[in-house]
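Hello,

Here is the structure for your next look. My notes follow below it.

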Amino acid sequence: MRALRMNRLRTGLTMLGMIIGVAAVVLMLSIGQGAQTKINQSIETMGSNLFIVLPGATSSGGLSFGSGSVKTLTVNDAMAIAELPAVNATGPVISGTAQLNFNAKNWSTSITGTTPDYFMVGNWTIEDGSIFSETDVRSAARVVVLGSITAENLFGTINPVGKTVRITNRPFLVVGVLAAKGQSLSGRDQDDNVFIPITTSERQITGNQFPGSIRYMLVQGKSAETMEEAEIEITQLLRQRHRISDGMENDFTVRNLTAIADVATDTAKILSIVLGAIASISLLVGGIGIMNIMLVSVTERTREIGIRMAIGANRNAILIQFLLEAIMICFMGGMIGVILGIGSAWIISQLIDMLVVITLSMVFLAFLFSSAVGIFFGFYPARKAASLKPVDALRYE
Amino acid sequence: MSTNQPAPSPTTLIRIAQLHKSYKLIDADGNTIENPVLQNINLIIEKGEFVAIMGHSGSGKSTLMNILGCLDTPTSGDYWLENQNVAMLSNDALARLRNRYIGFVFQGFNLLNRMTALDNVAVPLLYAGENRASSRQQAMEQLRRTGLEKFAMHHPNQLSGGQQQRVAISRALINQPPLILADEPTGNLDTQTSQEIMTLFEQLNREQGITIVLVTHENDIAAYARRLILIKDGSIVYDGDQALENVPDPVV
C-alpha cells in the first residue's frame, strides 16, 4: 500500500485506465437499461394481448396497395369479432384531425372516433370524469374525452370536465380527461388526442367516404396463451364476412402487437449487451495497463523483494503483497469509476433527456469485474516477483 | 547428499561438508562450461563463535556467505544449520529458516526506504506471524536497546549511515536468531562509526552468545573476530586464530 502512495502519479494514471473502463461499463449499461425500461414502459401503456386489424393490403390488377388503402373494415366487423371465443373486446377507430376551441384558445389535434371498449383495450385510465357510454355511441352524442396534453393546452389549470369545447365549431361536452401515457413505441405522443363516439365522428366531424367503414380496430385477446387461436378466429371470421373465396388474398391485415413488442424488447437487450461489451474492452485495456505497470514495479523493486526474502518472507507473502497492490488499484479505480459512471449517466440524462437506469446489480457487476481484472492481470507480475531467487534479487542493482 | 551425516551436536551451529558451488557459463563457442566458485569446503562453526571470513573479491567469500544465509543453495555437498540439512528444504522452509535462525546485516544496510525505522525492525516479526501491534512494540524495545528509540519514526533516508546500520542490526536481532551474518557491515561507514558498529557486534557476541560470521577485507575489522577464515580461489586456505603472522597470504 505504501508503494502505491509513493508513486502517486503512476498509480493515478494506472487507476485512470480502470476508472475509465468501469465508468464506461456503468454508463453503457445504464443507457442500455434505460432504453429497455423506456420500451417496457411504452409496451405497458399499449395494453396487453393486443392485435391491430387494418383494412386493405388488397391488390387490384397486379397493383398492390398498402394496408389501410381500402376501406374494407366496418364497425359491424368489429362487433362480430368481439363475440369470438378467444377475443375479449374490440375498439374500432376512425380518425382525423380537428380544430378545438375553448374560450379564446384553440388547439389542433388528432381526433379518434371509437367505442367505450377502446379505452379498456388500449389500457387507458381515466383521470377525471368518465369515458362516454354505449348510449352516447348509439345516439351520436356530442361528448368528448380529452387526452391529458390536449386538456392541458386547452384548459390550463381549469378542470375541463363539464365544460363545452367546440370541435370544428360544434359544441361538445367534455365528460372526462385521460391519465397521461407518454410516447408509444413508434414515438407518437399518445396524450395529444381527443376521443368522441365513433358515430358522432362519422356523421359530424371526420365524415366518411364509405359509411360504416373504419380506419382500424384494436382487438384484445382473452389471454397471452390464446393469441394464435384468436388470430386464426379473426382471420376466418373476416374472410367469411368479406366473402373471400379460398385462394384469394385477405383484404385486411391482422398484426400481433405483443409480438412486435417482444422484438423491441429483444432489440433493447441486444443494445445493452453490445454497449456493455464495447465498454468491457476499455476495462480490458485498463487491466493490461495494470499488468504492465505491475511488471515495471516488480523489476524496480527487485532489491526490495530480495531484502524481504532475506528477512523471512516466503513466496506467498511476496505474491500476496503484489497481488494486493493490483487489486487495490482496481478496487479504488472501480469505486471512482462507478461514481464517475453514475455521474456522467446523470449528466447525460439531464442534457439530452434520455432515460438512464442504474441498478444495484449493475454497480455490483462493475465492481466484481474490476476486481477480477485486478486478480487476473495482477497475478502474473506477482508470481514473477514471488519466484525470484533471493540471492539474485538481493544482488540486483 | 553424503551419507556420513554427523551425530547431532548440541554445540555445533553450522556444519559444512564437501561443499561445491559452480555456475554454468556459456563460452564463446556456445558450450556450457562449469565455473567452479567454491570447492570442497569443510567448515564447522560452534555456537557463540565470532568468525571473520576474508578473501579477495572473486575469491568466493560472498557465495559462501549466501549459502550460509540460505539465500543460495550448494551444487553439491551438505550444509547443516542447527542440525537441519538445508539442501533438503523447500523454498518456504528456507524462508522460515532465514526468518528464525539468521539475522542479516549488509554493506548497503538494505533497509526498506518506504518504511520508518520502527516498521523496518518489525517486518521479520510480521513474517514470523506476529500481529502488527505486538511486532511494533517488540521493535520499539529492540530500538531502545540499540539506543535508537528517538529515531523510530524516521525513514532510512533521514538517518546517518551508522544509524541505518544500527537499525539493520536491530532488525537482524528482532527474532533472536542464534546466527548473525554480516556482509561487509562497515564497508559504507567511516572509521569511527565502523568501530562503534564492531563494538556492538562484539558486545552481542560476548553478552548474548550470538554467533557472528563476518565477511570483510579490512584487517582491522577482521581483528574484532576471534577466528579467521581465509578464502582463495574458492577454497579455504587458512582457518585459525587471529595471529596474523600465521596467515599465509595477508589480504590488504
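First, a term: two strands pair if DSSP finds at least two bridges between them. Strands (E, at least two residues) and helices (H or I, at least four) are DSSP runs, numbered from the N terminus.

The model is predicted: local features need pLDDT of at least 70, side-chain atom pairs count only at pLDDT 80 or more, and totals for chains, interfaces and linings use all residues. Residues are numbered from 1 along each chain as its sequence is written, chains are lettered from A and ligands numbered from 1 in the order written, and side-chain values use heavy atoms, without hydrogens and water.

**Sheet, chain B.** Four strands form an open antiparallel sheet, in the order E2-E1-E4-E5. Strands E2 (32–46) and E5 (84–85) of chain B stand at the edges with a single partner strand each, so one side of each has no neighbour in the sheet. Strand E1 (residues 12–26) of chain B is joined to E2(B) by 11 bridges. B:Leu25 stands opposite B:Ile33 in E2(B).

**Interface.** Contact means heavy atoms within 4.5 Å. By that cut-off, 21 residues of chain B touch 22 residues of chain A. The two chains bury about 2100 Å² between them, 55% of it on carbon and sulfur atoms. Buried area is the accessible area (1.4 Å probe) that two parts lose on being put together, summed over both. In chain B, B:Leu71, B:Arg114 and B:Tyr127 lose the most area to chain A, together 35% of what that side buries.

**Chain A.** A:Ile81 has contacts beyond four places in sequence, among them A:Val87, A:Met217 and A:Leu238.

Best wishes
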